[in-house]
Amino acid sequence: MILILYTLLAILAIAAIALCRTHRQINTVSILHGLFTLLLALGIIFFVRIPTTSFVVGSEFFFIDHLGIYEVLIAAVIFTLAALYARGYVDSLLADGELEKGSLKLFYSAWSLLLLVLVLAFFSDNLALFWIFAELTTVISAMLVAILSARENIDAAIKYIFIASVSMLFSFVGLIFLFEISRSVLGTGTLNWTDLIQHASAFPAGLMIACFVLVFIGLAAKSGIFPFHTWLPEAHAKAPSAVSAILSGVLLNVGIYGIIRMFAIIHQTPAVGLASPILALFGILSIGVAVFCMLPERNLKKLIAFSSIENMGIMLVGLAVATPVAIFWVIFHVMAHAFTKASLFLSAGILHRQYHSRFSGDAVDEIRDVFKYQPLAAWGIILGGLAIIGIPPFAVFFSKLFILLQLGTVSLPVLVLVLILLFVAASAFGYFVITSFSQVSTPDAPFDREPYLTPSSMKIPVVILLFLILVLGIWFPAGEISFISQIVTELRF
Amino acid sequence: MIDPAYVEGFVKILFVCVIVTAAYIISTRNLLTLVSVYAAQSFILVLMALTLWAVEGSPVLLAIAGITFLSKVLIIPYFITSIQEKIRIKRDLRFHFLSPTTSLIISIGLMLVIYIALSRIAQETTGTSSLFFFGAVIGISLMMMGMMVTFSRKRAITKVLGYLTMENGVLLFGLFVTELPFIIEFLIIIDLIILVLLTTILTVGLDSTLEEYHQRIHRFYLWEDEEAP
């Protein structure tokens, strides 16, 4: 039932987009699609007993548990706000000729389709089905990256598709292994997560670790973990900023979501002793590589993209600790990071409209007189930057603090190493903000560009997201805590 | 009933054919034959699925053979060939890191490594026959060889063929190791077709200048909804 509702919603949205004539109308449809997805998710939380039976969902291959609905909620919020942002942003892309008018409907249809596929991925009980939807998110989001009429966007999209899809094939081989393992243990093969986690303790450890590593390769590429991260800065920096917010805030979560599910299964077997160090190793390597790439970076969107890799690394480290408290804060970090990163990309998009190089998305941003021309975006970057490096009272501070505290109980040297790396990341952000935002035009070198009049539809989402990450940091309602605790229990940690 | 020894011999011959096609895909510079070799490789997989069906009689295998034939022997090669005619690229001369000879030597090494690794795993699961074990080894090797093509070639259209070869490897592995539900095989094919469509259309853009690209894109009537006839 619920799945049919979501699918109907997307079909309606795409049909309406095809019928609309102006950009305003198309955009309104897109905002409404996000909003209804959000309302439906809230309806499920308040009126449906979670985890649901398959009848309510509509198929035995799907289910809704707390983690799934939590991810859908995050996705719906970001999609709605990014669609609102796109109202002004896409207008400006059209005016500058960066997006062709003929591509508008394709852009918004892909947008709605991506939201549907994401919802289906998060509600998949069957891991192979999840794999297919995750793979489709890659293809559709690559289309959104490639839609700008620039050759480098096509380059970035092709790189993204090939790295992610090739790695995802390894995941599929891992899933075939898992199917065979479940068939030899249970008699009938299954890839349904709920069945797998129930019987996981009987699975042979040696095979499980091979299977985990294979599945991890693909999902790590989806979430930009080192050494499969090379597509991420390119794609995130060159995509239209509304799309960057989705790529970073929602698409990366798909990979981490899959890793969490898979790790929950392996956590029931003795193989966890080998799986945890693997996660920790790749987590720390990702943080390390990302922060040292951040230091010399002079392109704002790339800097933010590298920070995403760093945060994915932190989540992996938190997972590797594998205590219930650590998992709790990893789940919280998924949300805190998603909102913070979306706000950063949306602010960066405003600056990008004002200062971007006309020649290449790779070029250094020539930011000058930022407080005079774009004060809101400047403060968005400063506050978002403070939030993402983990300054209280923003939400990311708490998740980072508790993940690190939990890490400290396992290994002190690793904690020190991670702390040093996080400090480097913070300095990279600080250095960028101080050097770029202090540039002012002088009479010898006046600022020759027209000031970009930011429409309020682009300002409102930034303000809402900043408000959201502040509230999430200072107010922990009992409902939120019990909700996330429920996720941890369902994952059997 | 068919004699099992005869079937085993036949499947082994098909294995050799798969390896030969993979070696050709790795080393050739000629794009036109690349597609036909890919189609031939997919056809060999269809034959394998049919042979297994003749022995085991499972209708899923027959269905897999059917959709593989339709999608990978007919539709995808036809689509890529028509794209190639449009962009008029006949040869892919540039190799990124590996020359064809080193690629071939590396793939031989990889096959040995995979053989050793899988025979360790096979020790844990008892009761797998040698044919199925070889199917798994060849499947993973084919994947690795496809991956080398994807990463060592410069042209995106050759990369697509590398990816398709990888996918054939996964199919082969799946055929011999376990029996996945048909719906999943079907959805993978759908995913594959979308991916090939998108990447080849983007390739048209990469392999030409931007102005030409827009002209070419318009021929597919994808980005212009008003001007389509």
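In the predicted model, helix α1 (residues 4–27) of chain B packs against helix α5 (residues 130–152) of chain B at an angle of about 10°, with the axes 10 Å apart. Axes are lines fitted to C-alpha atoms, for helices over the stretch in contact, and angles run from 0 to 180 degrees between N-to-C directions. Helices are DSSP runs of H or I with at least four residues, numbered from the N terminus. α1(B) and α5(B) are therefore roughly parallel to each other, a term for angles under 35 degrees. The contact (heavy atoms within 4.5 Å) involves, on α1(B), B:Glu8, B:Val11, B:Lys12, B:Phe15, B:Val18, B:Ile19, B:Ala22, B:Ala23, B:Ile25 and B:Ile26. Residues of α5(B) in this contact include B:Leu131, B:Phe134, B:Ile138, B:Met145 and B:Val149. By class, the contact of α1(B) with α5(B) comprises 15 nonpolar, two polar and two charged residues. Here Ala, Val, Leu, Ile, Met, Phe, Trp, Tyr, Cys and Pro count as nonpolar, Asp, Glu, Lys and Arg as charged, and the others, Gly among them, as polar.

In chain A, helix α5 (residues 104–122) and helix α11 (residues 241–266) pack at an angle of about 20°, and their axes are 11 Å apart. This makes α5(A) roughly parallel to α11(A). Their crossing is left-handed, meaning that the near helix is turned anticlockwise from the far one by less than a right angle. Among the residues in contact are A:Phe107, A:Trp111 and A:Leu114 of α5(A) and A:Val243, A:Ile246 and A:Tyr257 of α11(A). The contact of α5(A) with α11(A) has 13 nonpolar residues, no polar and no charged ones.

Between the chains, the contact takes 40 residues from chain A and 45 residues from chain B. The buried area is about 3900 Å², with carbon and sulfur atoms giving 80%; buried area is the accessible area (1.4 Å probe) that two parts lose on being put together, summed over both. A:Arg151, A:Phe162 and A:Leu169 supply 16% of the area that chain A buries against chain B, more than any other three residues.

B:Ile188 lies in helix α7 (residues 182–206) of chain B. Not counting residues up to four places away in sequence, B:Ile188 touches A:Trp131, A:Ile132, A:Phe172 and B:Glu167. The C-alpha atoms of B:Ile188 and B:Leu171, 17 residues apart along the chain, are separated by 9.8 Å.

Residues are numbered from 1 along each chain as its sequence is written, and chains are lettered from A and ligands numbered from 1 in the order in which they are written. Local features need pLDDT of at least 70 and side-chain atom pairs count only at pLDDT 80 or more, while totals for chains, interfaces and linings use all residues; side-chain values use heavy atoms, with hydrogens and water left out.

Notes: Helices (H or I, at least four residues) and strands (E, at least two) are DSSP runs, numbered from the N terminus. Angles under 35 degrees count as roughly parallel, over 145 as roughly antiparallel, 65 to 115 as roughly perpendicular and the rest as oblique.
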